[in-house]
Amino acid sequence: MKIVKKIAVILLLVLLAMQFYRPVKNLSQGNHSVTFITETNPSVRVREILENACYDCHSNNTRYPWYNTIAPVSFWLSNHIDDAKEELNFSIWGDYSTQKKSHKLEEVIELIENDEMPLKPYTWMHSEAKLTTEEKQAVIAWAKRSRTLYQLNQQPR
Ligand code: HEC
């Protein structure tokens, strides 16, 4: 019993000490996705869906939940955001080649069709990010149209 108590105290101290270390936050001021928006020209509706359901992980600006103040949750979220941005970051859309943009849009269509994005644990905490069939159709239609225009090597308008 004594040893269990000791371990519990040590764990508690470690957990407390962790609270002093905060990963750098993913925050941007202003219109960080302007190139993406002007090039792919989503409707207001689609833009809202992307902002509500994707931007927290796939852009340079995350709206952090209160529980991000708690370690190790903060580290877990930070890792997820880094992984997501590595694959797809709407805030650096202008740095992607036309081919890459077209490919990323293809992935968007595929992952939404297969219900793989937004990630499940995210929709448990953010019910507004759970896409209805209509919302999925709207995003897919927009992504398909933008992709076709990139394939024709034109800016979608
Ligand atoms: C909670 C964070 C999170 C949210 C929200 C989220 N994603 Fe992701 N996404 C990830 C992570 C992490 C990866 C990379 C690892 C993986 O594939 O699981 C990823 C990968 C992707 C990829 C793959 C890119 C590639 O080239 O392989 C696409 C496309 C994508 N997400 C689209 C979306 C779209 C569209 C939304 C909104 C409808 C969205 N994601 C919402 C975390 C997220």
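Residues are numbered from 1 along each chain as its sequence is written. Because the model is predicted, local features need pLDDT of at least 70 and side-chain atom pairs count only at pLDDT 80 or more, whereas totals for chains, interfaces and linings use all residues, and side-chain values use heavy atoms, with hydrogens and water left out.

The iron atom of the ligand is coordinated by His58 through NE2 and by Met117 through SD, at 2.0 to 2.3 Å, where donors are N, O and S atoms within 2.8 Å of the metal (3.2 Å for Na, K and Ca). The angles subtended by the 6 donor atoms around this iron atom run from 83 to 179°, which makes the arrangement octahedral; six donors count as octahedral if opposite donors are over 155 degrees apart and all others between 65 and 115. The pair links distant parts of the chain, 59 residues apart, with histidine 58 in helix α4 (residues 55–58) and methionine 117 in the loop between α6 (98–113) and α7 (120–125); helices are DSSP runs (H or I) of at least four residues, numbered from the N terminus. Histidine 58 is buried at 13% relative accessibility, whereas methionine 117, at 30%, is partly exposed (buried means under 20% relative accessible area, exposed over 50%, and partly exposed in between, with a 1.4 Å probe and protein chains only).

Salt bridges, each a side-chain nitrogen of Lys or Arg within 4 Å of a carboxyl oxygen of Asp or Glu, number 7. Arginine 45 pairs with glutamate 48, with the closest N and O atoms 3.8 Å apart, and Arg45, Glu48 and Glu135 are linked in a network of salt bridges. Arginine 47 and glutamate 51 form a further salt bridge at 3.2 Å between the closest N and O atoms; these two residues are 4 apart in helix α3 and so are separated by about one helical turn. Lysine 136 and aspartate 115 meet at 2.8 Å, N to O; because lysine 136 lies in helix α8 and aspartate 115 in the loop between α6 and α7, the pair ties together parts that are 21 residues apart in sequence.

How values were computed: Four donors count as tetrahedral if all angles lie between 85 and 135 degrees; four count as square planar and six as octahedral if opposite donors are over 155 degrees apart and all others between 65 and 115; anything else is irregular.
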